[in-house]
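Please read the points below with the model open.

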Amino acid sequence: MAEKIFKDFTLNSAESFMFADYKINDSILSELSNSLMNKLTIKGKISLPIELGTEESFSVLIKTDASSRLAAESLLQSIIFNIAYKNDKGNVLFKCADKNKSGLSYGELIGLISENKFFGKKIFKSDSDISDLINELEKTATENVAKLKGINSSVFEYNKRNENKIPISVVSFCDVDDFGYGSSLKQLEKIIENSVNTGISTVFLTEKSDFTVAENSNENTVIIEFVNGQPYIIYGDSKFEIDINSCISREGIKEIEDKMNQVENIDTHFDSFYDLESFNYFSMDSTNKLVIPFAFDENKEIVNLEIGGEAPPHALLSGSTGSGKSVLLHTIIEQTMLNYHPNDVEIWAIDYKAVEFGCYVVNKPPHITVIGQDNSEDFSLSLIDLIQKEYNRRKNLFVQNNTKDLEAYRKLFGKHSMSRILIVIDEFHNLTQAIQNYNGEKNYKTILENLLREMRAMGMSFLFCSQTIAAGLNGLTEAARNQIGCRLSMKHEDISEIRETLSLSLNADFNLEDIKNLHKGQVVYKKAVIERTESGSAFEFKKLNVLFISDETRISIVDNINNRINDDYIKREEIICKSNNRYVVTEKERHPISKFIENSKFTEFELLTLFPGAPTTLEDSFIIELDEEAGNNLLLIGENDDLRESIIFHILLGLLMDNSNKVVISVLDTENADNIRLYSEIKQIQSNRLRINYGFDEVASCLKSLKKLKPSVNGKTVYIWYGLNKLKNLIFLNEQETEERQEAKTASSAEFDPLAAMRNALTQINSSSESKTITKIGEKLNFEDYKTILKQLAEYGPENNRYNISVYNTLKGMKKTGIIKLDDYEYRIGLQMSTDDSYDLFGSSSFITKADDKTAVFYNGSKTPKTIRPYLMPDELFIQKFNENMEEENG
């Protein structure tokens, strides 16, 4: 007699789902083979020998007629629904095709299929769509088999052995028998035949009784046939009558959507794992290595990033925009600060985009001692210099104390005797690019390679980050790359970037597509292992979710750290390069001008020292030093009024800060708005050692006094010439004015004076020549005379402690006067100009490409120019303090 039983379709070995109600005849059981009996499971109910799930592939063929179509579709939908219901971890991907009904065969599942990423957000409907789908499946099958590398017999065996899973594919076809391309059906048949290995399962629904593509394709093939409206499971020559009882509901679909969304929207918040109030602050010891809790696995177990010491010395992280790379960087930094005392670990945070680490300038933790936010090549090279300087300092200490590494040094002097340093560099390709572009005397490429190889012993580690890892690594030698053993890859559209990040060969046994499709905040961690894996690899791969620390939590973390540490730590010298924007000089507390403002102590420099602007490096100040040699003068050229005036103003401040200097500023053109503004700014400075010549008469008088050049006594004298391009014209206008005064005087005379008339005629004859005289009290000089004085001062002045700073708006204006001889100006500053002018001024057309609306280029005869950023002009309070400091001297 027939007995109605409950059937469970199992998704995997641990879980099952309801598929349908079955009717089975007891007499049939006796006819089943022993192999089939071995598959029966009796738990108060009888499970038929059908297994659909993710632990092995399957193929289901549903044959129906038109009258039973809706029931067959309900069966198809139930199969898809139940597998999707159990897809908690997102390891199954679905593809759905519907040739004749444009998706209607999937009933209430249409919305789920069209909107959920695990279904590809698409139903394949047209011939071309289905052809593309089959080609895609063939490609997936080929790639999956290649990943097995002969070590694993199937995708399912691979997934049992590896944490990083190869996705299983479940593909359903409705009426593919009407598909117009026989060759594609043969492709499909081959895919099904190999499905045991490839991890691709299929479900077919057809109204054609002669459709045989899926029949007997593998041992897990299930054939369901509708006969006169009654569905049967076909097993050999036997038929098992079943009743279709659909379990699909809108509530069930909503539950699937929620579950799938949970895969994408896992709670990654730091606060869900840690309580800041009860946190065990600074409990870790970095002596052996850095262990940083940064993510969690599928079991919600925290996973640590291990770097330095016993672990690989350096790490590499990549991810495209929106992958969560910035979140991961902050998590690593915050977790390092929470778990290690600032005496144990210090952090250098370098951000070429100047957007990531500004929060640590505003709310500064004690661990961070270096913050760099610039993108100039000078900055990159100065960073290498700083790292090498610290490396050499540590190396010398180790040599002096006969120790070989950080661990041995700490054993001798204590845990906090020397900190471990983590150097985080975001967009590090800027660093390697700067090294490649550098053509100076230092071999920065070799320096960086040596640092990467030897920093482990010094307790120093890099964490390199970038969206374009390939570009960054191209700047490193193979030996340098090999030192970066710890690799982390987040989502990236470019497979080659993922491969480069994880250092994988072209035939590597790894699913790169899986990383390409990672969710935001997910990462694959390539971790070095002590014991090799089953496949013989020295690395294991972990797919993880990064702990998310919100801005609010980040602030709380830093506040908690500062409150607990207070001042109980070794304060190190802080180096902060805030951004690639201009700033006021007092933002650099250690800058000599800032120190002068604070303590009013004059500084006497050995050489003439100029402070034209801020460095684009990690230094506190940019200094130009002039000694007593011929040609040691400065030429400044540029049309950017703001930058030009800032350079002059801050040079003036720095000169007056040394009380052995005297400064003479000569501004020729009193009609020009720029000159008027500069004069108004300069005259705010009150010093007995500052003289301002404003206008032609005062400048001419100054030049006359220099006709006979003598050494400057009691210190150095600096002449700043502004607007010499107007000198010739002002001489002409001055002579005209003199002539007019003479003519007026002559006309007012009542009596004719023949001698006066003769003198006037001679004056008019002389005025027609190019060298026009100046009728002034004392010696009369013409333009050539003034030019000779200026050239003489430039050539011989420095050797007599008299230095020149000549300022022009344009190179053309400088050339036109013929006053400047470039050989007499060894030091030059250029603002934005044409490449032709750059070549004339610097001997290279490319130098000026480093200048922009914030940046100037400095040249001192070397092949590599330096860049500076003129400071923002100081406010009234600054000027007031400066003048107050001058009062004692002026008094």
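**Notes on the model**

1. The side chains of Glu427 and Ser466 are joined by a polar contact of 3.5 Å. A polar contact is a pair of N or O atoms within 3.5 Å; within protein, one must be able to donate a hydrogen and the other to accept it, and residues adjacent in sequence count only if both atoms are side-chain atoms. This is a predicted model, in which local features need pLDDT of at least 70 and side-chain atom pairs count only at pLDDT 80 or more, while totals for chains, interfaces and linings use all residues. Residues are numbered from 1 along each chain as its sequence is written, and side-chain values use heavy atoms, with hydrogens and water left out.

2. Glu427 sits in the loop between strand E18 (420-426) and helix H14 (429-437). Helices (H or I, at least four residues) and strands (E, at least two) are DSSP runs, numbered from the N terminus. Glu427 counts as buried because its relative accessibility is 5%, where buried means under 20% relative accessible area, exposed over 50%, and partly exposed in between (1.4 Å probe, protein chains only). Apart from neighbours within four places in sequence, Glu427 contacts Lys325, Tyr352, Lys353, Cys465, Ser466 and Gln467; contact means heavy atoms within 4.5 Å.

3. How many salt bridges does the rule give? The count is 36, a salt bridge being a side-chain nitrogen of Lys or Arg within 4 Å of a carboxyl oxygen of Asp or Glu. Side chains of opposite charge can pair when their charged atoms come close.

4. One of these salt bridges links the side chains of Glu73 and Arg69, at 2.8 Å from N to O. Both Glu73 and Arg69 belong to helix H3 (residues 69-85), where they are four residues apart, about one turn of the helix. Glu73 and Arg69 are both buried.

5. Arg69 also meets Asp175 in a salt bridge, at 2.9 Å from N to O. Asp175 lies in the loop between strand E8 (168-174) and helix H7 (182-193) and Arg69 in helix H3, so this pair ties together parts that are 106 residues apart in sequence. Asp175 is buried, with a relative accessible area of 3%; the value for Arg69, also buried, is 7%.

6. A further salt bridge is formed by Arg572 and Glu346, whose closest N and O atoms are 3.3 Å apart. Because Arg572 lies in the loop between helix H20 (551-565) and strand E23 (575-577), and Glu346 in strand E16 (residues 345-351), the pair ties together parts that are 226 residues apart in sequence. Arg572 is partly exposed, at 23% relative accessible area, whereas Glu346 is buried, at 6%. Returning to Arg69: salt bridges that share partners join Arg69, Glu73, Lys101, Asp175 and Glu207 into one network.

7. For the protein chain, the secondary structure comes to 30 helices and 34 strands. Of its 891 residues, 52% count as buried. Among contacts in the chain with a separation of 6 or more, 73% are between residues 24 or more positions apart. The chain exposes about 39,800 Å², of which carbon and sulfur atoms supply 45%; accessible areas come from the Shrake-Rupley method with a 1.4 Å probe, and for residues only the protein chains shown count as cover.

8. Which residues line the largest cavity? They are Trp721, Leu724, Leu790, Lys791, Ala794, Asn804, Ser806, Ile819, Ile820, Lys821, Asp824 and Tyr825. Helix H27 (783-796) and strand E31 (802-808) are the elements that give two or more residues to this lining, and H27 gives the most, with three residues.

9. Leu706 is in the loop between helix H24 (696-705) and strand E30 (716-722). Leu706 is buried, with a relative accessible area of 6%. Beyond neighbours within four places in sequence, its contacts are Tyr719, Trp721, Ile789, Gln792, Leu793 and Arg802. Leu706 and Tyr786 are 80 residues apart in sequence, with a C-alpha to C-alpha distance of 9.6 Å.

10. Gln187 is placed in helix H7 and is buried, with a relative accessible area of 19%. Not counting residues up to four places away in sequence, Gln187 touches Ile134, Asn135 and Glu138.

Methods
On a 1 Å grid over the protein atoms alone, a cavity is a set of points where a 1.4 Å probe fits but cannot get out, and a pocket is an open set with protein on both sides within 12 Å along at least five of seven lines; lining residues have an atom within 4 Å of a point.
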